[in-house]
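Hi everyone, thanks for making time this morning. Please take a look at the model on the screen, and then I'll walk you through a few parts of it.

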Amino acid sequence: MATVVMPKLGESVTEGTLGRWLKSVGDTVEKYEPLAEVITDKVTAEVPSDFVGVLAEILVQEGETVGVGTVIATIVEQGELTRRPVMTEAAAEGTPVCNAAVDSRRSAPMLAEKRYSPAVRRLAHEAKVDLSMVQGTGLGGRVTRRDVLQYIEQKKVAQGVTPESLRSASVQTIGRQLGQSNADPAYVGPQAQVGMAQRASAADVDRFDERVPITPVRHAIARHMVESKHEAPHAWTMVEVDVTSLVRFRDKIKGQFKQREGYDLTYLPFFIKCVVESLKEHPMMNSQWADDHILVHRDVHISLAVATKDALFVPVIFHADHLSIAGIAGAVSDLAARARSGKLTVDELKGGTFTVNNTGAFGSVLSYPIINYPQAAILSVESIVRRPVVVGEDSIAIRSMVNLCLSVDHRILDGWIAGQFLRSVKQKLEAIGDQTSIY
Amino acid sequence: MSVKLYIDAITDAMRQEMERDPAVFILGEDVGVRGGVFRTTQGLIDQFGEERVMDTPLAESAIVGVAVGAAAYGMRPIAEIQFADFILPAVNQIISEAAKLRYRSNNDWQCPLVIRAPFGGGVHGALYHSQSLEALFYHIPGLKVVIPSTAYDAKGLLISAIRDPDPVIYFEHKGMYRLIKDEVPDDDYVVPIGKAAVRRDGTDITVITYGLMSHYTLTAAEELAKEGISAHVLDLRSILPLDKEAILEAVRKTGKVLIVHEDNKTGGVGAEVSAIIAEEALFELDAPIARLGGPEIPAMPFSPPLEKFYMLNPDKIAKAMRELAAF
Amino acid sequence: MAFEIGETAVKRHRHIGLTDQDVMNIYENMLLARVLDERMWLLNRAGKLPFVVSGQGQEGAQAAAAYALDKQRDVILPYYRDLAMVLAFGETPLDILLANFGRANDLSSGGRQMPGHFSARRHRIFSQSSPVTTQLPHAAGIALAARMRGEDLVTYVSFGEGSSNQGDFHEACNFAGVHKLPVIFFCENNHYAISVPLHKQIGSKYVADRAAGYGFPGIVVDGNDVLSVYAHMKDAVERALRGEGPTLIEALTYRLHPHSSDDDDRSYRSKEEVEAARARDALVTFRRYMIDEGVLTEQEEKDLRNRLTQDVDRAIEEAERSPLPAPESALNHVYADGK
């Protein structure tokens with residue numbers, strides 16, 4: 001059985017339409033006798049038979065358009081004598097692949113003496129990485145750009161963390177202490193490192209004998225953090241707020257609240273509420289850099305950093321500006337619970353416009369948060385600490401004080417607006433008391 | 001907006017520009033009643049007449065030379081070279097005349113000319129119906145050279161070329177005429193000359209390419225994605241001028257670059273792109289710049305296994321991409 | 001030497017519609033070109049101009065051809081020996097000298113092109129390059145564009161007999177023949193392509209014979225016979241304007257100087273041959289004709305020559321004083337946006 005295919009009638013033609021069959025099934029056909037008329041974009045042509053025999057099947061009907069090479073009919077051959085030699089596709093398949101253009105330079109393994117790519121050397125220089133400490137995953141164990149970036153991330157996690165807190169080190173990615181940040185080579189220019197003789201050397205890190213494998217979530221966090229630090233020039237500022245009145249108020253109502261709502265009323269919802277109201281007053285804080293413009297968000301969706309044992313999630317409280325303190329408390333409680341049980345949906349992790357980070361939960365009193373890129377700013381709420389404070393003209397009192405730390409994308413925001421915003425948050429927090437409605 | 005074939009987008013651009021501007025006309029071999037050997041000018045003679053869709057004698061230097069004169073005297077000619085391979089007799093007119101007219105007359109004369117030339121292989125065209133000749137022209141200041149890879153770009157770049165005050169060589173890939181289709185606006189719009197397009201976002205390796213190879217590269221990239229390799233793909237679209245910023249940006253994405261073109265490697269567009277990267281982005285590089293092109297033989301042979309040996313395909317490209325990713 | 005063809009200048013100029021003033025104008029054009037050309041050679045030999053390419057010996061044919069054209073209507077595509085032609089179309093000696101000295105305000109190219117590469121859009125003179133004959137398809141293109149734009153004009157394109165062997169000659173003649181374009185192909189056959197003589201350049205007797213192959217008339221004319229050249233040009237212009245298509249005119253001339261200031265012609269032709277040609281030079285024969293006809297006196301001729309020489313000398317001084325282009329201006333005008 002021989003087959004007749006749709007011919008390629010023209011260099012750019014990819015398909016043809018069967019115009020008319022000139023033979024019917026059962027007709028005898030001679031070699032070169034026209035079988036059918038085929039119409040393409042370029043020509044109308046007769047398709048001749050390549051065989052002597054009987055037309056057995058018509059597989060493409062008149063008017064049908066099929067691709068070049070499609071079998072359109074079969075012919076029962078009268079013997080095998082008339083078959084012409086055909087250059088089959090199979091023969092073509094057997095051809096060795098052209099590799100003249102790919103040279104073999106990359107198949108040569110690296111020399112025993114380590115050589116590094118320009119990108120790797122630049123990164124190592126900028127981040128003060130001892131490349132001999134980096135495990136290479138490239139060809140022949142070559143240290144790749146990605147290896148260096150991952151190494152830098154690992155080192156940041158490992159550095160400056162006390163052994164007992166090492167277990168939770170990976171959850172602190174956002175709320176890193178200022179001192180650590182300065183020692184964090186990827187993030188600080190060389191000039192900032194002058195005089196930092198006490199900085200841990202790369203070799204110190206190697207004393208942690210255990211190499212912790214990097215999970216996909218860890219990778220995602222690392223990439224996100226590096227992107228933020230690369231893209232957004234961070235500026236940092238802090239205010240201290242007297243929340244004595246807030247503490248008293250919350251102490252007074254928390255029992256009743258728990259009884260009524262079934263979950264705890266923490267301090268965080270109060271902070272979020274004041275942040276949200278201040279964002280409405282300073283919309284530029286609720287924005288993002290978009291290369292040729294700044295995108296100012298109308299809605300306020302608060303990203304809330306929630307640490308779990310081995311990762312960090314930042315679920316979103318959508319339309320936080322429509323919620324009361326109690327509403328926010330409910331959302332915080334719900335998201336935190338679901339984050340820890342791994343039940344957040346992907347949609348709940350996207351779309352935030354400003355991030356609040358509760359570093360106070362770790363006992364921190366000062367932190368330098370990394371912006372949750374591409375947002376414009378992040379605010380961390382530190383531990384509330386009772387300490388002596390000068391009040392009025394000349395007296396000292398024991399007050400409940402808290403530090404609010406703010407990192408901003410300096411491309412969008414300057415110190416003035418950051419200060420205005422923090423002042424607004426501070427005033428609102430200090431005004432909370434018995435008159436405040438939580439519903 | 002409708003889905004159109006690459007070839008129809010080209011015809012659309014010419015028709016709309018001829019409707020808009022009476023100075024626009026087409027000249028070339030078989031462009032009239034035959035509508036072009038590939039049918040790119042089909043129907044235009046009926047709408048615009050035989051003077052504006054002019055069949056010329058079989059003489060490429062005259063086609064371009066006459067077009068240069070007409071362009072200098074207020075017209076906007078579109079000179080069709082039937083196959084890019086046949087542009088060589090017209091090279092003196094292109095390089096000595098069209099490219100230099102404005103410069104040598106100190107801006108007194110100009111040459112707003114489009115030269116359309118179907119190029120590329122894989123169509124059983126053999127040595128003289130398959131060549132990629134862009135490297136001959138991307139070296140010549142005074143010319144612009146574009147190579148669209150989508151129907152959208154085919155129309156938008158051709159409209160840009162026709163409206164451009166300087167000579168533009170517009171290479172259209174024969175293999176894409178009826179293979180590629182995508183959404184094309186019905187109205188007129190332009191794709192700016194000199195702007196590359198990111199066709200795929202990726203993090204592991206960067207592939208810089210153009211023409212039919214853009215499609216092959218995207219196919220290869222999908223294959224590699226299944227293996228966990230994420231490829232960033234930049235389609236140059238314009239060869240002259242090159243979009244330097246886009247090239248450097250694409251390099252910065254991954255630090256590993258492969259340049260792919262159908263043309264042979266030596267002295268090809270990839271050589272210039274490599275040089276730009278080496279000059280301006282050395283410290284972004286995490287691997288030697290890699291190039292993949294046709295073999296160093298004079299042109300594409302006819303017999304299927306020979307042609308297949310010459311032509312790149314998604315598999316060959318995927319192989320080179322894998323090697324780069326592994327580096 | 002092939003000078004036996006063509007009418008001789010026995011016809012009086014009035015018979016072909018030229019007044020005394022007309023022939024005076026033609027002669028002044030010829031003479032200005034000659035005076036300027038001679039000065040440029042002097043400047044070259046004095047080390048002031050690096051290069052000169054000359055039209056001496058061909059001024060009669062050029063000036064006659066130019067007089068048959070309309071400077072406001074027609075477009076010319078001259079070649080590098082067409083000094084008399086471009087002067088007739090409005091370029092001044094100063095324009096020419098500014099180009100020769102490579103000055104910033106050179107009209108043709110701002111100091112970019114070699115001397116002799118004329119161009120001036122305001123004078124309807126198209127720009128030319130050095131690989132010869134490329135201008136012929138342009139002449140067809142401009143004629144085509146004019147027809148499409150509804151303008152009546154003639155394009156005049158000139159070239160040497162050597163150029164008539166280039167593909168662009170044949171392609172352009174054929175294109176213009178097929179489309180009956182108003183182009184006058186004007187071959188200034190000066191008998192040498194640098195050093196290669198006519199009989200080694202073309203297989204036929206005349207370049208004009210080739211016109212038959214493209215379907216239009218080819219005419220051979222004695223290029224030193226100013227009135228005859230004018231008469232044939234006039235016919236060709238009228239034919240073109242009537243829509244009857246192109247004409248090829250082959251004017252038989254002689255190049256009195258070497259190919260350029262870098263050439264030495266003693267290696268390929270005899271002094272006697274050059275001297276014989278000098279005696280037939282249109283500047284000699286046409287001057288004699290005018291004096292014999294009483295159009296011009298010896299004294300008037302002398303005064304004219306003095307006036308033109310003074311004009312040229314003033315132009316030289318001014319050209320030398322003109323500023324050179326700023327080096328970085330070399331970067332300008334590659335594209336329309338200046339870059």
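Let's begin with a pair of helices: helix 2 of chain C crosses helix 7 of chain C in a right-handed way, meaning that the near helix is turned clockwise from the far one by less than a right angle. Helices here are DSSP runs of H or I with at least four residues, and strands are E runs of at least two, numbered from the N terminus. This is a predicted model, where local features need pLDDT of at least 70 and side-chain atom pairs count only at 80 or more, while totals for chains, interfaces and linings use all residues. Residues are numbered from 1 along each chain as its sequence is written, with chains lettered from A and ligands numbered from 1 in the order written.

Where do G60(C), A61(C), A63(C), A64(C), A65(C) and Y67(C) of helix 2 make contact in helix 7? They meet V226(C), V229(C), Y230(C) and M233(C); contact means C-beta atoms, placed from the backbone, within 7 Å. Ala, Val, Leu, Ile, Met, Phe, Trp, Tyr, Cys and Pro count as nonpolar, Asp, Glu, Lys and Arg as charged, and the others, Gly among them, as polar.

Next, chain C against chain B: 33 residues from chain C and 36 from chain B take part in the contact. On the chain C side, helix 5 gives the largest share, 10 residues. That side has 16 nonpolar, 12 polar and five charged residues.

Finally, chain A has 10 helices and 17 strands.

Methods. Two residues are in contact if their C-beta atoms, placed from the backbone, lie within 7 Å.
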